[in-house]
Amino acid sequence: MLKLGLGPGFMILLPIFVGIAIVNKSLSLISILMICMGICGLFGSLLYFILPKRRPVEVVLVEREGSENNSAKDSSSVIKKHRIDCYLESTAANIEKNNSSFIGECSGISRESGGVLNMAPGDSNPAEIDEDLHSRQLAVYGRETMRRLFASNVLVSGMQGLGVEIGMFSSLTSLSSIQATSAEWEPAKNLVLAGVKSVTLHDEGVVELWDLSSNFIFSENDAGKNKALASVQKLQELNNAVVISTLTTELTKEHLSKFQAVVLTDVTFDKAIEFNDYCHDHKPPISFIKAEVRGLFGSVFCDFGPEFTVFDVDGEEPHAGIIAFISNDNPALVSCVDDERLEFQDGDLVVFSEVKGMTELNDGKPRRIKNARAYSFTLEEDTSNFGIHEKGGIATQVKEPKLLNFKTLREAIKDPGDFLLSDFSKFDRPPLLHLAFQALDKFVSEMCRFPVAGSEEDAQKLVSIASLINENSGAGRVEDINPKLLRHFAFGARAVLNPMAAMFGGIVGQEVVKACSGKFHPLFQFFYFDSLESLPTANLDPSEFLPLNSRYDAQISVFGSKLQKKLEDANLFVVGSGALGCEFLKNLAMMGVSCGEQGKLTITDDDVIEKSNLSRQFLFRDWNIGQAKSTVAASAAALINPRLKIEALQNHVNPETENVFDDTFWENLTVVVNALDNVNARLYVDQRCLYFQKPLLESGTLGAKCNTQMVIPHLTENYGASRDPPEKQAPMCTVHSFPHNINHCLTWALSEFEGLVEKTPAEVNAYLSNPVEYTNAMMKAGDAQSRETLESVLECLEKEKCETFQDCIMWARLKFEDDFANRVMQLIYSFPEDASTSTGAPFWSAPKRFPHPLQFSTTDPSHLRFVMAASALRAETFGIPVPDWVRNPKMLAEAVDKVVVPDFQPREGVRIETDEKSTNLSNASVDDAAIIHELIRKLERCRENLPAGFRMKSIQFEKDDDTNYHMDLIAGLANMRARNYSIPEVDKLKAKFIAGRIIPAIATSTALATGLVCLELYKVLDGGHKLEGYRNTFANLALPLFSMAEPVPPKVIKHQGMSWTVWDRWTLENNPTLRELLQWFTDKGLNAYSISFGSCLLYNCMFPQHRERMDRKVVDLAREVADVEFPALPPPL
């Protein structure tokens, strides 16, 4: 019955109908069967739509019995059922034909040739982008790029640490299909998170204990299993929308034709050249990426075909300028208003619009500019015969596609061209590493193994091979092959370190996204990197590198066993468990940090998991939504490494929680790692690290950009030593009356939203809860703001009180009329189009835009959507049920047509603020106090008529719930206002980005940042590095750009032969008196005129009463004034 598709429903319904047939003999057996099958078909269809789709995929793995890749234990069973909810049927012929794994899905089975069977949970061709899930990623890529990713198929070959990281990004970005090898699981992780269509994992090897240093997918229980098979289920959990397949046989060129991108991470140069030639010549070309991580060294090579078009080279929004004047010259000078600096560059293309007078420029033709300045540029065009510019106009940058001609690996090895630099202090390093990786490939080919860590013989052989290759390199010959560097390269050649895998996983994952979408500039073509300065400063004995038969052996082969012990015994504090926090926990667990007897890792985050987190915070699953981030992340990290000693807290780190994070807590820490998303929290943690002399590892991301900063006691400046300038805010009068871009409209819309559905209902409830106290406070204030607050409360409870949903519709319709028609007509009445300023200049000159009132129409969908959202939220504030028909345009239009809209009459003497320096739009009046008394009297009468216990609902803005009408109302308010002022409108998603202040975020830049920070962690825990050994980094994966430099040292203050930095401190013994403390400063040539403890003032020379404190002990004085307790002081010696 199950195979007929009838299922359990048939088995349940059949006996029922048989019983009916016995009673009613008119029913035949055929009739019974037909009825049962029809109902079961309907029942099954309903279940398809009712049951949740985004759940962990349940699979059955079918492995060929006796496969060489399976351990003896594994081969004892032909079929191993890891989960029970999916069913896979495979024939003996299929298994005999293809020596690979077959993975089935609940809703269907997809088989492909070449030993591959796809796991395809849900719809393998998703038509729509899940904006709740991918909102942060959409803010980086946009819809068109995401659609291209959804259609891409990627192969990742090599399932060691790097391959896993690459593939994870695929699921997060929804790419098409990707294939990976055994060394590159980091890229696989990133691709899955990105959300490509499919990722194919290729590896012929089996899991070893060695692999656990770099691959977070594997556990000790996976030892002996095929790497690709052992990775599928955990990668699939990251994103069920991505089809994940495996290939466990030898990779051939014939396997590559169905992919848009191929990533090879563990392959010889000869094989890579063979595969690359095939991809380069394929029609259409297949994007090819070769990546390697060898200890503290890494390389990437990209070839996206003979002709590859980049549609958007940097991902930035097109720049624009508001025109003030255009000359009739050859070339023409274009001057812009000084509202904002222009971001144009020489050679840019721009298009003109809304130009008055010189209308010839409004033809939409892109024009080249030069001599770009802060507020002007020159147009490469003769405008002598054009009309005279009258006013206005906008110049908008046009992004040009860029065509790139890639060379094959065969050509590029001999003629690599310019290398992408990451560290200008290592300007000569890339050519040397280009040689080193070729030498290693030849070493492995000859010896059939990697060099042994600590083996001087192997290191010397690698140097000899490199010398030979260098001598035959002709013009590409390296002058100094640096045997010392090659020695370190040889020692760590077999190891794939987790931080390096994370870093290169981010880089390669982003390159795959570029290959599949044409978004951002590809890496062209070689990139080499090393972090040799991460090695311990002390010379190590070869015995230090010997394996200990532990999961950290790969790391020990690079850093030695002593540093590994320091990692395990470290006491770390990770602040935040979002995207950065998840990546850090994974890296730290893999490195063995805080996994020893003395070690401990504390993580804190007061946030809970939301759906939008799942596209990049890879330790979370959809069934974790609503749970505490830190708790879930800690549990997931403990699964990666069961030895991790971790404690999860749900506390802010701020002055209010210093009872939790007290002095003892901070003093016991080894290192603090910030994974925060706001500056204020970073500054507070920075101050605590400064006070307690603790290293702070800081990082942050913004879309494809990331930065890292090392804060090392006495070596570097602290985080708060330099700050970004404050974000420029638009003047209030601009936002409220004279907007000229969509940001102004959205700022106003958000303010309106908060006033209408949050602040006013909250004020109503405050008044109703305690009328006497509330009105007394208003009378005491007696200002214009209090008057306006009372007016809004009275209006809400009297004139605009809603009792039915029709009342809410009436309120929304009149709100539209007031905001987008009446107010605009009043503004035009006060300032006609030909109005002038006091200086005689036109009032409506750039950047001001002359507005036009809107005429409401039920045939305009945007007008109806505004009324729908506004009336629904108004109903919610009054506790009125929202009827289902509100989403029916016809029925809603009928309800709106019932509303009577009064005619508008402009008023004389209305004051409209035009001063850009004004910070308050409230109109003060000499009669404010009298008006407040009258309003309170009216409120008292109104309150008497309210039902007992009446309260409103105050609604707080929540941007990530697409069903709550919040963004519908904000987008409606903003777009109607934009329409008033002829400003281009935006869709709801774009409105969410701006109004919700969504920080663009993708998994690739997060992985890059955390990998770089963890490379610095090795140095911090080693403890012997000087300033020049550390690195701060700024990177932009879109360009790509890597800028690494040593940190800035702390500022030194000098005075009378003394010098100190912010890290230094003076310690006074034996609890001196205030007088003794002041004398102590005087003896050092310093004058202390004020002494404080925290925010409490202990002494100030300007206060005479403080002189009475001169003979008080400082600790006793602080205890009394600040009301704090101190530990008992030891007796004086």
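## Cavities

A cavity is a set of points, on a 1 Å grid over the protein atoms alone, where a 1.4 Å probe fits but cannot get out; lining residues have an atom within 4 Å of a point. Grid points are joined across faces, edges and corners, and a volume is the space filled by probe spheres set on the points. Rolling a probe the size of a water molecule over the atoms shows where empty space is left. The search of the whole structure gives 6 cavities of 30 Å³ or more. The volume of the largest cavity is about 90 Å³.

Leu420, Leu421, Ser422, Asp423, Lys426, Arg429, Pro430, Leu433, Tyr528, Phe529 and Asp530 line the largest cavity. Helix H11 (429-447) and strand S21 (526-530) are the elements that give two or more residues to this lining. Helices (H or I, at least four residues) and strands (E, at least two) are DSSP runs, numbered from the N terminus. By class, the lining has 6 nonpolar, 1 polar and 4 charged residues. Here Ala, Val, Leu, Ile, Met, Phe, Trp, Tyr, Cys and Pro count as nonpolar, Asp, Glu, Lys and Arg as charged, and the others, Gly among them, as polar.

## Model and conventions

This is a predicted model: local features need pLDDT of at least 70, side-chain atom pairs count only at pLDDT 80 or more, and totals for chains, interfaces and linings use all residues. Residues are numbered from 1 along each chain as its sequence is written, and side-chain values use heavy atoms, with hydrogens and water left out.

## Salt bridges

A salt bridge is a side-chain nitrogen of Lys or Arg within 4 Å of a carboxyl oxygen of Asp or Glu. The whole structure holds 63 salt bridges. Lys426, Arg429, Asp530, Glu533, Glu1016 and Lys1019 are linked in a network of them. Lys1019 is buried at 0% relative accessibility. Glu1016 is buried too, at 4%. Buried means under 20% relative accessible area, exposed over 50%, and partly exposed in between (1.4 Å probe, protein chains only).

Arg294 and Glu292 form another salt bridge, at 3.1 Å from N to O. Both residues are buried. In the pair Lys629 and Asp607, the closest N and O atoms are 3.5 Å apart. Lys629 lies in helix H18 (residues 629-640) and Asp607 in the loop between strand S23 (600-604) and H18, so the bridge ties together parts 22 residues apart in sequence. Lys629 is buried, at 6% relative accessibility. Asp607 is partly exposed, at 32%.

## Backbone geometry

Most residues other than glycine have a negative phi, and most peptide bonds are trans. The bond from Asn330 to Pro331 is cis, with omega near 0°. Pro331 sits in the loop between strand S14 (320-326) and strand S15 (332-336). Ala846 and Pro847 are also joined by a cis peptide bond, with omega about 10°. Pro847 belongs to the loop between helix H25 (805-830) and helix H26 (861-877).

Ser982 has a positive phi, near 55°. This serine is in the loop between helix H29 (966-980) and helix H30 (988-995). Ser982 is partly exposed, at 41% relative accessibility. Asp1123 also has a positive phi, near 55°. Asp1123 lies in the segment after helix H33 (1114-1122). With a relative accessible area of 69%, Asp1123 is exposed.

## Surface patch and a buried strand residue

Phe1034, Leu1039 and Leu1041 form a nonpolar surface patch with about 230 Å² of accessible area together. Patches are made of residues with over 30% relative accessible area and no salt bridge: like charges are joined within 9 Å, nonpolar side chains (Val, Leu, Ile, Met, Phe, Trp, Tyr) within 5 Å. Accessible areas come from the Shrake-Rupley method with a 1.4 Å probe; for residues, only the protein chains shown count as cover. Leu1041 is in strand S29 (residues 1041-1045). Its relative accessibility is 34%, so Leu1041 counts as partly exposed.

Leu404 is in strand S20 (residues 402-404). Leu404 is buried, with a relative accessible area of 7%. Leu404 and Val310 are 94 residues apart along the chain, and their C-alpha atoms are separated by 7.6 Å.

Terms used: 1 Å grid on protein atoms, 1.4 Å probe; cavity = no way out; pocket = protein on both sides within 12 Å on 5 of 7 lines; lining within 4 Å.
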